Amino acid sequence: MIKQTLVIHTKCDTHRENKKKYFDTRNEDDQVKSIISDHFLVNPTEAQGTLSVDTLLFRWRVVETLMEEGIALNKVEALRGLLERGGEKLTSRKHMAEFIPKIAEREMQIVMGEIKDEKGCIIYDGTTRLGEATAALWRQCNPKFVLQTRLVAFRTTETHMTGEALYRLLCTILLRDLSKQPDEVIADARDSCATNGVAERLLMGLCPALAKNKCVSHVLVGTGQHIKLPKLSLFMVTLALSLTLAPTLTPTPTSTSTSTPTPISTPTPTSTPTPTPIITLTLTLTRCTSSSCSHTRMPSSSPSKR
Amino acid sequence: MHLIQLLTHSHAFKLAFKEVMGEAMKTYSKIRWWSRWDLMEQLARGFARLDKLIAVLEERGIGDASTEHLREMFDAHSRQLRHELAMVMDLKCFYIATYKLEGDGLEGLCVTEIIEEIRSKGRTLKDQPSNMPNLAAVLRSDIVIDVGTKIYEYYGAPYNAWYEGKVLELTMEP
């Protein structure tokens, strides 16, 4: 009876999946352990070098999990009591942080394995602040037809980068860090920022098969920012000012005429039966094309710019 | 717009807003797409209660002199504000398209279709008031149709042209 139960259990899918998962984790653990051992063989004087590999593996996993979930590493002090219930000891934030470069290096090796000999697209963008951060992503379709996007570089620079500097950075990432052949980079994607445009044009000289892509959503957002709403913008700024104590910055209304505020109408289709529907329709058109409401012409002109 | 960011962090204002408008004010972020638009749309939906909101701000002394300016501005330009807010609601197609095309999948395949939809709206903007229903309704409510009101109307075949004219007679259709 017991034997039969075991036979049934070992044949079920859950058991097979769990078994595979167990061996995968074991394999991964062994890899990490060997990385840790190799590192401390070369650097025997480094802190934590005298500890057992299992303890170090646990600390590695804790740091890795926190980083993956975007939890600040100093939270480890608060979680220490809970995490140490498993039996392995943790250490201070400073010593835990020493695992970060090692984890980053291993992640990079995994990414390198995934993107080796694959054709793909490089996506890049940066912040517009003085101290700039630039990120580069690699996107590819793997042999199983799954789209994969991987962060391949995140660099911070002291000053704002020019187009040429960005191009040089991309060359370094693609040719040196990722060991890509120029013809393997078959596309790039960017937003409408001029710096990215310069880098793209230069990149076209390097990569002969480069297909250019511009982020459509960014273009649409840009269109929205160019729609002029003079009174509404002023009203919103005044609304904000009413909560800050900066009366000197308060914009003064230009007109002094008053009118009673009326509630905004709900959308009504033009086919709504009214006593004189045709006249009503034409009146609306007349108003739309008058100079007092010039904004209505904007949507027709905006898409044509693209 | 940094100021709006400040605004959304004021506790007293948040309380007043929720009390009057019946919903919490959306937070403003300068990096989130269409964040300003979100706020504007909220103002548009609660336009009828905007007057009361300013009254509450005045009553509770939130904002001092600036609230007075807000009141002056609202009284002087509420009509144009209403038009602009109606337009904000009508131009939501840009907002929707942005978020439709955002993502890591195969959105690229629908780009042409979605952009063409917006362009066709732009091309036919003058022909149909239904392209801007909110703005059309708001503008229409401002006009009193009477004998002598000027009109601009399209006549189909065989004329196929726009004609200017004026209302000569008002009749009730059955």
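Helix 7 of chain A buries L166(A), Y167(A), L170(A) and L174(A). A residue is buried if 20 or more other C-beta atoms lie within 10 Å of its own, exposed if 12 or fewer, and partly exposed in between, with C-beta atoms placed from the backbone. Seen down the axis of helix 7 of chain A, the buried residues fall within an arc of 100 degrees, so they line one face of the helix. The arc is that of the directions from the helix axis to the C-beta atoms.

This is a predicted model: local features need pLDDT of at least 70, side-chain atom pairs count only at pLDDT 80 or more, and totals for chains, interfaces and linings use all residues. Residues are numbered from 1 along each chain as its sequence is written, while chains are lettered from A and ligands numbered from 1 in the order in which they are written.

**Helix 7 of chain A and its surroundings**

- Helix 7 of chain A covers residues 163-177, which is 15 residues. Helices (H or I, at least four residues) and strands (E, at least two) are DSSP runs, numbered from the N terminus.
- From first C-alpha to last, helix 7 of chain A reaches 20 Å, close to the 21 Å expected at 1.5 Å a residue. The expected span is 1.5 Å times one less than the number of residues.
- E164(A) and R176(A) are exposed on the other side of helix 7 of chain A.
- The cover over the buried residues of helix 7 of chain A includes strand 1 (120-126), strand 2 (132-141), strand 4 (185-190) and helix 8 (194-206) of chain A. Two residues are in contact if their C-beta atoms, placed from the backbone, lie within 7 Å.
- Just after helix 7 of chain A, S179(A) adopts a positive phi of about 50 degrees.
- Helix 8 of chain A holds M204(A). M204(A) is partly exposed, with 14 other C-beta atoms within 10 Å.
- M204(A) and P182(A) are 22 residues apart along the chain, and 9.8 Å separates their C-alpha atoms.

**Helix packing in chain A**

- Two packed helices are described by the angle between their axes and the distance between the axes. Axes are lines fitted to C-alpha atoms, for helices over the stretch in contact, and angles run from 0 to 180 degrees between N-to-C directions.
- Helix 3 (residues 53-69) and helix 6 (residues 99-115) of chain A have axes that come within 10 Å and cross at roughly 75 degrees. Helix 3 and helix 6 of chain A are therefore roughly perpendicular to each other. Angles under 35 degrees count as roughly parallel, over 145 as roughly antiparallel, 65 to 115 as roughly perpendicular and the rest as oblique.
- From helix 3 of chain A, R59(A), W60(A), V63(A), E64(A) and M67(A) meet F99(A), I100(A) and I103(A) of helix 6 of chain A. The residues of this contact divide into six nonpolar, no polar and two charged. Ala, Val, Leu, Ile, Met, Phe, Trp, Tyr, Cys and Pro count as nonpolar, Asp, Glu, Lys and Arg as charged, and the others, Gly among them, as polar.
- Helix 2 (residues 13-42) of chain A packs with helix 3 of chain A at about 110 degrees, their axes 10 Å apart. That makes helix 2 of chain A roughly perpendicular to helix 3 of chain A.
- Helix 2 of chain A contributes D29(A), V32(A), K33(A), I36(A) and S37(A) to this contact, and helix 3 of chain A contributes V53(A), L56(A), L57(A) and W60(A).

**Backbone features in loops**

- D117(A) sits in the loop between helix 6 and strand 1 of chain A. Its phi is near 60 degrees, a positive value in a residue other than glycine. D117(A) is exposed, with 8 other C-beta atoms within 10 Å.
- The loop between strand 1 (150-155) and strand 2 (161-166) of chain B contains P158(B). The peptide bond from A157(B) to P158(B) is cis, with omega near 5 degrees.
- N160(B) also lies in the loop between strand 1 and strand 2 of chain B. N160(B) is not a glycine, yet has a positive phi of about 50 degrees. N160(B) is exposed, with 8 other C-beta atoms within 10 Å.

**Chain totals**

- Chain A has 12 helices and five strands. Of its 306 residues, 21% count as buried.
- In chain A, 55% of the contacts between residues at least 6 apart in sequence join residues at least 24 apart.
- Chain B has eight helices and two strands, in the order α-α-α-α-α-α-α-α-β-β from the N terminus.
- Buried residues make up 31% of the 174 residues in chain B.
- Of the contacts in chain B with a separation of 6 or more, 48% are between residues 24 or more positions apart.
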